[in-house]
Amino acid sequence: MQTLLFFFYTIGIHLGNLYVWVGKYFSTKLSLLWHGRRQTLKKSREDLLPYRHCIWMHCASLGEFEQGRPLLESLRHLHPEKKIVLTFFSPSGYEIRKTYPGADLVMYLPSDLPHNALRLVTMLKPDLFILVKYEFWWHLLKTLRKQGSHVVLVAGIFRKKDYFFSLIFSPFESLLRQLAYIFVQDDASFKCLEEKKFSNVFIAGDTRVDRVLQMRDEVVLPEKIRKAAEGNKVIVYGSVWLSDMHLVSKAVQAYPDMFHILVPHDIRRENIAEIMTQLQQQAGLLSDGQWHGKVLVVDQIGILASLYSVAAFAYIGGGFGKAIHNLLEPAVFGIPVFMGPRHTKFTEAIALKERGVVQAVQHAEELVKAIGDMADHPEKSAYLRNAAERWFTENKGATSRITQSIAHYLKSKI
């Protein structure tokens with residue numbers, strides 16, 4: 001059964017490669033992925049020899065990287081002698097963090113074919129391999145196990161409906177049982193694996209809590225934005241999609257005296273143009289440098305988390321599409337946070353909603369009313385700020401718990 005499953009899985013990977021090869025002619029993202037993977041495969045034994053016995057962390061994209069980053073930096077501090085290799089699946093992670101100074105080598109993970117996994121694992125032979133959240137590449141995991149590397153999963157989320165719990169995929173489940181540690185974020189994930197008799201599962205919490213607490217103390221903002229925010233009530237609309245604009249545009253119109261900062265999820269020129277059109281009023285672009293008025297569209301990446309530091313309110317985009325953006329980044333500042341309806345698969349969203357820190361809205365009128373209610377009743381904002389502080393205090397420390405658990409793997413080489 002295992003041989004047959006991996007045979008069909010390999011065929012699926014080949015088909016995925018074909019899709020990327022064809023798609024590179026039509027999609028910038030797929031082109032970056034194709035050429036980035038080729039660059040990884042071109043690396044010779046001599047290129048990778050300096051990183052042998054490294055700490056290797058693999059992330060799907062930018063969000064998973066931010067989740068794993070506190071752990072990576074903790075391990076770097078405790079083991080400065082160890083080389084750190086960071087790999088990404090998605091261009092949206094690699095292209096933004098390819099110069100990340102906390103890693104000695106950053107590269108794309110090649111497609112999960114048996115010979116790719118064997119070549120990379122044999123050359124790097126990591127002492128510790130860290131998966132973040134749900135990056136399960138089965139040939140890679142199988143090869144790491146055979147080569148004797150210790151593999152841990154951090155920030156895991158599991159549900160009974162996950163495909164690898166089906167009988168037909170039982171060889172994949174078996175590989176998960178062989179991980180050194182599975183650190184999960186919540187009780188539901190722990191109970192799910194406990195019921196299936198996993199013996200390597202532990203509740204550590206969400207490392208993103210530690211990360212956003214750190215980011216709160218490292219705010220860096222363009223001086224012009226900081227000055228524009230002074231003396232104004234600021235609303236930051238973070239990672240906004242076009243599907244959010246029916247709410248955002250109404251809120252902007254309803255509160256013309258507030259300072260509105262929109263940060264689109266997609267900063268391509270055509271998307272920015274459509275957002276500007278849907279605003280139905282004059283707005284400035286951050287890149288222009290000469291913007292005035294009460295509406296600013298941020299057409300660059302990397303400053304959203306810091307923008308929340310000057311906000312009185314925040315709206316998190318994505319809740320009318322696939323899923324909401326990171327709501328911990330604004331919530332850590334103790335401000336009222338609003339989100340769309342598609343948030344139920346996020347543990348932190350449910351928990352913060354129950355505490356009253358975050359509100360879900362379905363319609364533009366709800367958002368407008370909720371902002372006005374908070375603005376008119378400052379005591380509610382004070383209560384919310386205290387509730388947020390308590391939640392973050394209760395949920396911090398995942399990085400330390402994981403670091404202490406896995407430290408013994410790095411005391412000697414395998």
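**Exercise 1.** Locate histidine 53 in the chain, and decide whether it is buried or exposed.

*Solution.* Histidine 53 lies in the loop that joins helix H3 (45-48) to strand S1 (55-59), where helices (H or I, at least four residues) and strands (E, at least two) are DSSP runs numbered from the N terminus. The model is predicted, so local features need pLDDT of at least 70 and side-chain atom pairs count only at pLDDT 80 or more, while totals for chains, interfaces and linings use all residues. Residues are numbered from 1 along each chain as its sequence is written, and side-chain values use heavy atoms, with hydrogens and water left out. Next, the phi of histidine 53 is near 65°, a positive value in a residue other than glycine. Finally, the relative accessible area of histidine 53 is 14%, so this residue is buried (under 20% relative accessible area; exposed is over 50%, partly exposed in between, with a 1.4 Å probe and protein chains only).

**Exercise 2.** Describe how helix H4 packs against helix H19.

*Solution.* First, the axes of H4 (residues 62-78) and H19 (residues 398-406) are 10 Å apart and form an angle of about 50°. H4 is therefore oblique to H19, since angles under 35 degrees count as roughly parallel, over 145 as roughly antiparallel, 65 to 115 as roughly perpendicular and the rest as oblique. The contact (heavy atoms within 4.5 Å) involves Pro70, Leu71, Ser74, Leu75 and Leu78 of H4, together with Thr399, Ile402, Thr403 and Ile406 of H19.

How values were computed
Axes are lines fitted to C-alpha atoms, for helices over the stretch in contact, and angles run from 0 to 180 degrees between N-to-C directions.
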